[in-house]
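This report describes the fold and selected local features of one protein chain. The sequence and structure are shown first, and the discussion follows.

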Amino acid sequence: SVFADAKRVGFKLENTIVISRTIEGQYPDYERVIPKDLPVQIAVKREQLINAIRRAIIFSRDSHGKPVSIQVLPDGGMVVSTEQSEAGTYREEIDCRVLKGSGVQIAFNGGYLLETLARIGTDKGLIGLSEPVQPAVFKPMKENGEEGEVFVLAPLNLG
């Protein structure tokens with residue numbers, strides 16, 4: 001059964017009761033953190049990018065959160081790389097379709113990047129980038145062109 005009053009809602013199941021309070025005040029404006037101006041947009045095969053990031057993480061174990069760098073090349077490719085003094089350097093170029101812009105390089109926590117890409121439930125994903133210090137946007141590319149979820153990932157500041 002379900003019960004509610006002005007400040008709570010509850011659900012009673014066989015041996016379980018779940019009660020939740022409503023949040024008072026204004027709900028945060030989450031749309032403010034989603035970048036609107038994305039001068040660089042690329043379409044990428046999700047599994048290909050996930051596999052490249054997994055390989056890069058092997059070389060990126062350090063105190064900065066497994067930094068993995070993504071660079072969009074002017075000729076339409078993408079480079080996934082990492083550089084660590086102890087483990088060496090990793091660099092892999094993968095195919096992507098540049099929809100808009102190029103030339104940006106941005107670093108992410110490799111683990112968070114993998115988690116974000118795992119949530120995109122389609123074969124291809126859209127990545128929107130602006131500057132190396134601005135959040136990136138990740139979206140599934142659906143066959144019917146329908147808008148899906150939007151994932152926002154903050155970059156690492158390696159400077």
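The coordinates discussed here are those of a predicted model. On the helical side of the fold, the buried residues of α1 pack against β4 (40–45), β5 (67–72), β6 (77–84), β7 (88–95), α2 (110–119) and β10 (124–129).

**Overall architecture**

The protein contains 2 helices and 12 strands. In sequence order, these elements follow the pattern β-β-β-β-α-β-β-β-β-β-α-β-β-β. The radius of gyration is 20 Å, well over the 15 Å that the globule rule gives for 159 residues, so the protein is more spread out than a compact globule. The C-alpha trace spans about 60 × 40 × 30 Å along its principal axes. Of the 159 residues, 37% are buried. When contacts between residues at least 6 apart in sequence are considered, 57% of them join residues at least 24 apart.

Helix α1 comprises the 14 residues 46–59. At 1.5 Å a residue, α1 should span 20 Å, and its end C-alpha atoms are 21 Å apart, which agrees. The buried residues of α1 are Arg46, Leu49, Ile50, Ala52, Ile53, Ala56 and Ile57. They cover an arc of only 165° around the axis, which puts them on the same side of α1. In general, an α-helix has 3.6 residues a turn, so residues three or four places apart point the same way.

In α2, the buried residues are Gly110, Gly111, Leu113, Leu114, Thr116 and Leu117. These buried residues pack against α1, β5, β9 (105–109), β11 (136–140) and β12 (151–153). The N-terminal end of α2 is capped by asparagine 109, with a side-chain oxygen 2.8 Å from the backbone nitrogen of glycine 111.

**Strand β6 and its partners**

Strand β6 is mostly covered, with 7 of its 8 residues buried. β6 pairs with β5 in the antiparallel sense over 4 bridges, and 8 bridges join β6 to β7, again with antiparallel strands. β5 and β6 form a hairpin with 4 residues between them. Glycine 76, in the turn of this hairpin, has a positive phi of about 105°. On the β7 side, serine 81 stands opposite arginine 91.

Serine 81 belongs to strand β6, whereas serine 130 is found in the loop between β10 and β11. With the same exclusion of residues up to four places away in sequence, serine 130 touches Asp37, Pro39, Val104 and Pro135. The table sets out the accessibility and contacts of both residues.

| Residue | Relative accessibility | Residues touched (beyond four places in sequence) |
|---|---|---|
| Serine 130 | 16% | Asp37, Pro39, Val104, Pro135 |

Definitions and conventions. Residues numbered from 1 in each chain as written. Predicted model: local features only at pLDDT ≥ 70, side-chain atom pairs only at ≥ 80, totals over all residues. Heavy atoms only, no water. Expected span 1.5 Å × (residues − 1). Buried < 20%, exposed > 50% of the residue type's maximum accessible area, 1.4 Å probe, protein only. Arc of directions from axis to C-beta. Contact = heavy atoms within 4.5 Å. Polar contact = N/O pair within 3.5 Å; in protein donor to acceptor, adjacent residues only side chain to side chain. Pairing = 2+ DSSP bridges. Rg over C-alpha atoms; globule rule 2.2 N^0.38 Å.
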